[in-house]
Amino acid sequence: MDVYALLLSRLQFAFTIAFHIIFPSFTIGLASYLAVLEGLWLASRNPVFKTLYLFWLKIFAISFGMGVVTGVVMSYELGNNWSVFSATASPVIGPLLAFEVLTAFFLEASFLGIMLFGWRKVGPGLHFTATLLVAIGTLISAFWIISANSWMQVPAGFARTAGGGLIATDWWAVIVSPSFPTRLAHMTLAAYLTTALVVGAASAWRLLKEPDDDASTTALRMAVGMLAIVAPLQLIAGDVSGKEVRRMQPAKLAAVEAFWETRTAQPFHILAWPDMAAETNRWELSIPGLGSWITAGDARAEVTGLKAFAAKDRPPVAIVFYAFRLMVGMGVAMIGLGAWGAWLSLREGVERSRPFLRAMVAMGPTGFVAVIAGWIVAEVGRQPYVIYGVLRTADAVSPVGAGQVSASLIGFLIVYAVIFSVGALYILRLIGEGPVEGAEAPPPPLPRAPGSALAAAQQDPGGAP
Amino acid sequence: MSLDLPLIWAGIIAVAVLLYVVLDGFDLGVGILFPFAPDPRARDAMVQSVAPVWDGNETWLVLGGGGLFAAFPRAYAVILPALYLPIMAMLLALVLRGVAFEFRARGRARGKAFWTAAFAGGSLCAALSQGLVLGGFIQGLTLTDGAFAGGPFDWLTPYSVMVAVGLVAGYALLGAGWLIWRTEGELHDLARRWAGTAAGAVAMLLAGVSVATLFLHPQVAARWGFDGHGFVGANLARLAPIPLLGAAGLATIGLGLARRSHVAPFAGGLIVFLSGYLGLAVGFFPYIAPYAMTFREAANPDNALALMLVGVAVLLPVILGYTVFVYWLFRGKVTGDAGYH
């Protein structure tokens with residue numbers, strides 16, 4: 001085996017999938033938000049909702065496109081770089097990914113066309129249906145991909161064949177594997193949080209410049225409401241998930257908390273310098289007993305440490321430890337921001353507090369940071385396995401050389417850097433312009449790409465025949 | 001009675017790949033023709049004609065790849081490493097031209113120029129890469145114990161380059177046919193010229209590829225009647241409808257162009273692709289990794305194939321239904337170019 005090819009393949013997969021997850025974690029929530037906005041517009045005919053819908057639709061179009069093209073990459077990269085994994089896992093999780101394509105991708109792709117370009121073609125009811133179907137499609141997609149990933153975390157419902165392969169014995173147990181329900185809730189809430197933070201930040205940015213902007217005020221209130229409700233729920237989902245990890249993936253839990261010894265009354269390490277060679281933390285800043293309480297719900301509970309696992313079965317500790325703290329830190333900040341916003345809402349109104357608006361802007365990207373950190377905890381914490389307890393990552397790699405993988409990795413780095421900077425620039429530019437009332441004015445005679453979402457967005461969905 | 005699940009799945013994947021080739025083929029073709037557009041308005045109209053449907057078209061590529069993973073994992077696990085570089089090049093090209101749909105509309109002067117070039121260049125590179133993948137696939141993969149055991153550039157041969165150029169010409173033909181159908185005015189007239197040129201190139205390259213394919217592997221030659229000892233006319237006669245279909249497609253294009261038909265050139269292009277697709281497939285069937293692994297050897301256990309077949313039986317008609325609905329909704333000439341003449 002080519003160790004460089006393995007390392008490069010891991011780097012490439014980590015980079016491309018971390019890049020990809022940025023977009024779904026935003027568009028899953030944004031699609032639902034657009035469905036709510038269009039529904040409210042149709043129900044109330046309050047033009048603020050239409051203004052907001054048309055504004056966020058443009059940002060959705062850019063983000064969704066980037067999610068699609070980086071997602072297509074994933075469906076081939078599995079075979080390009082992880083052919084042994086593909087051949088091993090496919091008899092069990094192959095159908096899950098096939099169902100994702102059949103139930104979600106076609107639905108999203110087809111109705112996105114109507115959503116973006118259907119204004120003059122369809123009536124408001126059908127247009128709303130298209131928005132709803134796209135939103136549902138994003139959630140179905142999350143369902144299947146979390147299902148497949150959860151099976152890789154805590155495999156169930158399968159057996160080994162005489163030839164050494166895997167075979168599914170209970171499809172229900174495969175699809176709804178033990179960690180799946182909690183992880184699906186955790187990821188869906190994360191997507192809604194990410195969107196609420198971006199919508200809130202964009203609206204707050206606008207209100208700092210234009211304090212009387214009605215549309216941005218409405219959007220900010222909706223985002224703060226979402227944040228105030230979902231951020232605490234996420235804490236609960238995360239806690240349940242953590243307790244499941246203790247039972248189902250004890251080595252991951254030990255790495256998350258940098259526990260080396262198996263003992264009762266584990267301390268909680270706020271900071272630590274884990275040393276894998278020395279099998280200890282070189283130094284740590286800890287609260288006694290809190291570690292057992294957080295991970296097992298009882299300060300005196302015994303929690304397994306890393307030394308209970310052979311050195312070759314331990315995940316890299318420091319990455320998992322710090323990624324987890326980053327995620328939780330962001331989550332706690334989100335809860336604080338939501339509570340602050342809720343308190344302000346009951347008093348003078350969130351839109352009137354400039355300190356709050358500035359904090360909201362500053363917190364805008366934290367959803368993405370938390371999502372990526374959380375996925376690092378989940379995926380690096382599963383190491384050295386790609387299918388937990390079944391297949392090691394080192395055994396899963398394709399027989400391709402380091403030269404080829406370097407070439408493709410450089411290609412991804414360049415192309416993704418370009419599309420990320422340009423996409424971010426265009427989205428930030430749109431946010432800077434803000435939701436423009438009167439966006440329902442008829443389009444000027446073909447100033448720019450007539451097929452663009454911009455041109456489409458200048459049409460009036462409510463007034464369409 | 002038990003169903004022959006691997007055979008059914010081979011058929012499903014084959015249909016998904018064919019649908020991908022013709023559907024994304026015409027929108028990639030529109031991108032390949034981009035540099036020949038006379039002005040920005042023509043380019044805008046070209047993009048507008050495919051913008052509502054390209055994403056759905058590209059989803060067939062995901063079904064092709066995802067379906068191969070899900071139904072024939074052992075083939076997926078050798079074909080993709082064997083064709084690593086052209087597949088990665090294809091993916092990168094598709095990323096660039098995919099985001100260009102939105103980015104072109106957002107960019108100002110320099111940005112728009114860059115993404116216009118990215119749309120054209122990405123479409124061309126994606127088509128070339130797909131041709132290299134196809135050529136590398138048909139000329140055969142080197143396997144040892146069910147794993148890829150060849151070199152990183154096995155796919156790069158004069159044959160695969162000829163297939164790649166042929167596929168570019170074919171996509172340009174589909175793109176031109178699509179534009180004849182969906183645009184009017186000067187662009188429509190230009191598209192007729194493009195279709196004529198592309199059809200000529202396709203006719204030559206298709207003939208060249210057809211002959212060259214006979215020399216790839218004895219099985220292919222034998223299927224077409226050349227079994228190493230002599231010529232077996234009965235074999236060729238059995239397959240004769242396939243090249244005849246291709247000739248009929250080219251004739252449809254020629255007649256359609258001569259009689260100024262709006263639909264016939266595109267329909268003829270589809271027929272040519274169907275013929276080429278069948279012509280290649282009969283050569284390497286039943287291999288799914290030519291000429292080393294059959295589709296039966298590569299297939300997943302029946303329980304996985306059966307579960308997915310239930311899903312396909314229910315969902316594929318629905319998918320085809322709403323795909324047709326979306327095409328129907330966006331039927332007719334693109335209207336945004338009303339001021340374009």
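User: Which loop of chain B is Tyr291(B) in?
Analyst: This is a predicted model. In it, Tyr291(B) falls in the loop between β3 (287-289) and β4 (293-294) of chain B.

User: And what kind of peptide bond joins Pro290(B) and Tyr291(B)?
Analyst: That bond is cis, and omega is about -15°. In general, most peptide bonds are trans.

User: What about the bond from Gln383(A) to Pro384(A), cis or trans?
Analyst: The bond from Gln383(A) to Pro384(A) is cis, with omega near 5°. Pro384(A) sits in the loop between α12 (366-380) and β7 (385-387) of chain A.

User: Which ring does the charged end of Arg45(A) sit over?
Analyst: The charged end is over the ring of Trp41(A), 4.9 Å from the ring centre. Arg45(A) is partly exposed, because its relative accessible area of 42% falls between the 20% and 50% limits.

User: What phi does Arg260(B) have?
Analyst: Arg260(B) has a positive phi of about 60° and is not a glycine. Its place is the loop between α11 (241-258) and α12 (264-284) of chain B. Arg260(B) is partly exposed, with a relative accessible area of 47%.

User: Which arginine of chain B has its charged end over Trp328(B)?
Analyst: Arg331(B) does, with its charged end 4.1 Å from the centre of the Trp328(B) ring.

User: OK, aromatics. How many aromatic pairs over all chains?
Analyst: The count is 40 aromatic pairs over all chains. Take Phe15(A) and Phe19(A): the ring centres are 6.2 Å apart and the planes are at 50°, so that pair is tilted.

User: Where do Phe15(A) and Phe19(A) lie?
Analyst: Both are in helix α1 (residues 3-44) of chain A, 4 residues apart, which is about one turn of the helix. Phe15(A) is partly exposed at 26% relative accessibility, and Phe19(A) is buried at 7%.

User: Is the pair of Trp54(B) and Phe101(B) stacked or tilted?
Analyst: Trp54(B) and Phe101(B) are stacked, 4.6 Å centre to centre with 5° between the planes. Trp54(B) is in helix α3 (residues 54-71) and Phe101(B) in helix α5 (residues 84-106) of chain B, so the pair ties together parts that are 47 residues apart in sequence. Both residues are buried.

User: Back to chain A. Which residues form the aromatic cluster with Phe15(A)?
Analyst: One cluster holds Phe15(A), Phe19(A), Phe23(A), Phe412(A), Tyr416(A) and Phe420(A).

User: Now the surface. Which residues make the nonpolar patch of about 650 Å²?
Analyst: The patch is made by Ile270(A), Leu271(A), Trp273(A), Trp283(A), Leu285(A), Ile287(A) and Tyr322(A). Strands β4 (268-275) and β5 (280-287) of chain A each supply at least two of its residues. Trp273(A) belongs to strand β4 and is partly exposed, with a relative accessible area of 43%.

User: Last one. Is Leu184(A) buried or exposed?
Analyst: Leu184(A) has a relative accessible area of 18%, which is under the 20% limit, so Leu184(A) is buried. Leu184(A) is part of helix α6 (residues 180-209) of chain A.

User: What does Leu184(A) contact, leaving aside neighbours within four places in sequence?
Analyst: Leu184(A) is then in contact with Ala142(A), Phe143(A) and Ile146(A).

Technical notes
Residues are numbered from 1 along each chain as its sequence is written. Chains are lettered from A and ligands numbered from 1 in the order in which they are written. This is a predicted model: local features need pLDDT of at least 70, side-chain atom pairs count only at pLDDT 80 or more; totals for chains, interfaces and linings use all residues. Side-chain values use heavy atoms; hydrogens and water are left out. Buried means under 20% relative accessible area, exposed over 50%, partly exposed in between (1.4 Å probe, protein chains only). Contact means heavy atoms within 4.5 Å. Rings of Phe, Tyr and Trp (its six-membered ring) pair if their centres lie within 6.5 Å; planes under 30 degrees apart count as stacked, over 60 as edge-to-face and the rest as tilted. A charge sits over a ring if NZ of Lys or CZ of Arg is within 6 Å of the ring centre and within 35 degrees of the ring normal. Patches are made of residues with over 30% relative accessible area and no salt bridge: like charges are joined within 9 Å, nonpolar side chains (Val, Leu, Ile, Met, Phe, Trp, Tyr) within 5 Å. Accessible areas come from the Shrake-Rupley method with a 1.4 Å probe; for residues, only the protein chains shown count as cover. A salt bridge is a side-chain nitrogen of Lys or Arg within 4 Å of a carboxyl oxygen of Asp or Glu.
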